[in-house]
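Hello,

I am passing a structure on to you, with some notes on what turned up in it. Please have a look at it first, then read on below.

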Amino acid sequence: MINSADEITETEISDFGAFYSGALRKYLVSQDEDILDSAHLFSRSALGKRLTFSELASLHHRACVAVLETVSAAETRQMVSRMEVFFLEVAAVYDMALKGYRQNLEQLHREIEERRKAEQELRNVTVELAHQRDQLDDQVRARTQELEVQSNKLRRQNARLVQTNLEQSDFTYAISHDLKSPNNTIRMILQILAQDYGSSLDEEARSLLTAALETADRMIKIIEDVLKYSQTLGDETQHETVSLAKTLQSIAEDTK
């Protein structure tokens, strides 16, 4: 079992030593190349238990010493050679694992570098967005102030226009009222002339007198219309349908 610190225990190392020694002895005795598969099996198991390469070498050394103590000097050289073959098979698994670790480490470094670049780009984009946001805020504030100035200007102009319209309405009302009185007087004089002296006038004079009365009537109507118009200034506009023929006829009569 592996302890809480993920380190192999002495008991596990001892069990691995017994397994290794047995596999090595079996290979040396039988000289069967298929038994080398046990070397691979041992290495994979040792890697799974996180047995270090130095610990593996130590197990190999102890197993070799134990074997050499039981053989003659003549057999030692041959045994050592086969022991090296067995250990190289065991070490090959560690070598492949180390190469895979290096590749994974390089890939991890590349991924970390790419992540750093992505984070830097994200920071740059964030800074740029913040800068653009500040610029946009400044533009909005400037535009808001500009609109406020224009709105105040329009309010002042509208107030002056309202005041001007009121003054114009008062002036128009006063002028129209003042014109109405002398025109009524003229009309009244023309009516007296027509009543008292119309019979003694020739046809052309009576025609002129009639035309003068009609002109006075139109003048009174015009003055009344101007008075009505002056009273509607500032009121809400109301649209209605009118007779274009009557309007044109009225204009034609006024131009006679």
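Let me start with a pair of side chains: aspartate 217 and arginine 187 form a salt bridge, with their closest N and O atoms 2.2 Å apart. (A salt bridge here is a side-chain nitrogen of Lys or Arg within 4 Å of a carboxyl oxygen of Asp or Glu.) This pair links distant parts of the chain, since aspartate 217 lies in helix 5 (residues 203-232) and arginine 187 in helix 4, 30 residues apart. Both partners are partly exposed: aspartate 217 has a relative accessible area of 33%, and arginine 187 has one of 26%. (Buried means under 20% relative accessible area, exposed over 50%, and partly exposed in between, with a 1.4 Å probe and protein chains only.)

A word on the source: this is a predicted model, in which local features need pLDDT of at least 70 and side-chain atom pairs count only at pLDDT 80 or more, while totals for chains, interfaces and linings use all residues. Residues are numbered from 1 along each chain as its sequence is written, and side-chain values use heavy atoms, leaving out hydrogens and water.

The structure holds 4 salt bridges in total. Another one joins arginine 141 and aspartate 138, at 2.2 Å from N to O. These two residues are 3 apart in helix 4, so about one helical turn separates them. Arginine 141 is partly exposed at 46% relative accessibility, and aspartate 138 is partly exposed at 42%. Arginine 133 and aspartate 134 also meet in a salt bridge, at 3.8 Å from N to O.

As for the overall fold, the protein chain has 6 helices and 0 strands. (Helices are DSSP runs of H or I with at least four residues, strands are runs of E with at least two, and both are numbered from the N terminus.) Of the 256 residues in the chain, 19% are buried.

Helix 2 (residues 36-48) has 13 residues and reaches 19 Å from its first C-alpha to its last, close to the expected 18 Å. (The expected span is 1.5 Å times one less than the number of residues.) Its buried residues include Leu36, His40 and Phe42. After helix 2 comes arginine 50, which has a positive phi near 65 degrees.

I hope this helps you find your way around.

Best wishes
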